[in-house]
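Have the sequence and the 3D view open side by side.

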Amino acid sequence: MNNLKYLTNVTTLAFDESRCTGCGRCAEVCPHGVFVIGNSRVVVTDRDLCIECGACMMNCAFGAIDVRKGVGCAAAIITSKLRKTEVTCGCSGNDKGCCS
Ligand code: SF4
Ligand code: SF4
C-alpha cells in the first residue's frame, strides 16, 4: 500500500516537530510510510501519502501529530462499500465528487 497517493495537498495531517522526541512510534504504525526516523526526530516523507487513518496521532504520546481521522476519500470509499452507496466525501458540490 505504500506509495499510493490520493489527492494533492488536502490531508489534514499536521506535524509539530518541536514536540517530537524521535521515539519512532508513528513510523511503526503508519501504513503508508509517511514518517521515517531521522537523527533526533521523524521526518515527513510525503504528506500526500496520508489516508487520515489517525494511527500516528493516537500513538504519539507527545502530541506532536494532529490529523482529522476518518475523513477524506479513504473513509468515503470504505463507508460506500459498507453501506453499498455512492462514493462521496462531501467536499464537492459537483455531481461527481473527488473520490470518483
Ligand atoms: S510518535 Fe510522536 S514523538 Fe514519537 S517520533 Fe512520532 S511524532 Fe515524534
Ligand atoms: S493518519 Fe495514518 S496514514 Fe496518515 S500519517 Fe498518520 S498513520 Fe500515516
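Search the whole structure and you find one aromatic pair (Phe, Tyr or Trp rings, the six-membered one for Trp, with centres within 6.5 Å; planes under 30 degrees apart are stacked, over 60 edge-to-face, the rest tilted). The ring centres of F15 and F35 sit 5.8 Å apart with planes at 75°, so this one is edge-to-face. F15 belongs to strand β1 (residues 14–15) and F35 to strand β2 (residues 35–37), so the pair ties together parts 20 residues apart in sequence. Strands here are DSSP E runs of at least two residues, and helices H or I runs of at least four, numbered from the N terminus.

This is a predicted model: local features need pLDDT of at least 70, side-chain atom pairs pLDDT 80 or more, while totals for chains, interfaces and linings use all residues. Residues count from 1 along each chain as written, chains are lettered from A and ligands numbered from 1 in written order, and side-chain values use heavy atoms, without hydrogens and water.

F35 is buried at 4% relative accessible area, whereas F15 is partly exposed at 24% (buried is under 20%, exposed over 50%, partly exposed in between; 1.4 Å probe, protein chains only).

Now the ligands. Around ligand 2 you'll meet F35 again, along with others including L13, V34 and C56; "around" means a heavy atom within 4 Å. Ligand 1 has 13 residues around it, with C20, C23, G24, C26 and C60 coming nearest.

Finally, look at D48, in the loop between β3 (42–44) and α2 (55–59). D48 is buried, at 15%.
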